[in-house]
Amino acid sequence: MASGQGNYTRGISYVLLADLLWGTVFFASQIGLTYIGPYSLLFLRFGVASAVIMATMPLMEKKVRILPELRKGWVWTFGLLYTLGFVLQYVGQDMTTASEATLLANLSPIIIPIFAYAILKEKVGKFQKLAIAMGLAGLLLVASPRLSVGLNDATGNLLLFLTSVFYALFTVLNKRAPVGALSGSLAIILTVTTISLPIVAMMGGFDAAIISMPPVAWGAVIFLGIACTLVALTSYIKGLTIVPASQAGILFLVQILVGLLLSTMVLGETLSPGQTAGAALTVAALFIGILRR
């Protein structure tokens, strides 16, 4: 019994570590976006992660077979969805703030039941329906100040919401895809790097400012690539082998709380009373939708 409890505690620790790291993504991304554009930041983040994977692949290949995963069509489909989600996230955040991006790009747990019903024919319970309605209401409250300011601000919020849509679709499709756990995840990171390269080229190429980026910007890029991509992803997958998905989903709320705290305390961003109410409504919706499945 003690051993089982110990395993569960370790599983919770792995998932919690991943959520804590993912909660810092928007803060670190905001630092990077101060110096370079969203497309360059996207490629550099996954380029750093891919460089680590490629450097360690000879050591891992006997235990974690990445190359066979790269031959699977599903891996490239997931890589495309993930890339599009990150493009929307970074472009949208470049138009708004880290705090708003934290809220609007983390609505996938509310959207997932919709795709699960449409694609997997999973039943949507009454609590999930309530969560969807509450989440959309919270979204409108968070985005309302931007909607009245200008088209550029409203577009940024829309792109961030679409980010949640892409991540939700990614999650639902992943439930039925023949992709390996750890090896598949590492392969997807490599595909995102590959797919993002022509996107950067089509959008004007890499920013010249990359050459003169200060240490703080490079530190943010390296942190995003290693901590928020490689470490967080592998930790989350390991935790999911022990912790039920519903319990892991509840810990997802940590991402929003960490992101908002960093945006407020470090970047000095503030939410209006209406946006604060929207944030509270969104967190409540996530809690209801995940806890009462």
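About how many helical turns separate Tyr82 and Phe86 in helix 5? Select the two and look: they are 4 residues apart in that helix, so about one helical turn lies between them. Keep in mind that you are viewing a predicted model.

Stay on those two rings. Their centres sit 5.0 Å apart with the planes at 80°, so Tyr82 and Phe86 make an edge-to-face pair; planes over 60 degrees apart get that label. Both Tyr82 and Phe86 are buried.

With Tyr82, Phe46 forms another edge-to-face aromatic pair, 6.4 Å from centre to centre and with 75° between the planes. Phe46 belongs to helix 3 (residues 38-60) and Tyr82 to helix 5 (residues 73-95), so this pair ties together parts that are 36 residues apart in sequence. Phe46 is buried, like Tyr82.

Next, bring in Tyr90. Ring pairs join Phe46, Tyr82, Phe86 and Tyr90 into a cluster. Across the whole structure there are 6 aromatic pairs.

Last stop: show helix 5 together with helix 10 (residues 182-202). Their axes are 8 Å apart and the helices pack at an angle of about 60°, which makes them oblique to each other. The crossing is right-handed.

How values were computed
Residues numbered from 1 in each chain as written. Predicted model: local features only at pLDDT ≥ 70, side-chain atom pairs only at ≥ 80, totals over all residues. Heavy atoms only, no water. Phe/Tyr/Trp six-rings, centres within 6.5 Å; stacked < 30°, edge-to-face > 60°. Buried < 20%, exposed > 50% of the residue type's maximum accessible area, 1.4 Å probe, protein only. Axes fitted to C-alpha atoms, helices over the stretch in contact; angles between N-to-C directions. Parallel < 35°, antiparallel > 145°, perpendicular 65-115°, else oblique. Left-handed = near helix turned anticlockwise from the far one by under 90°.
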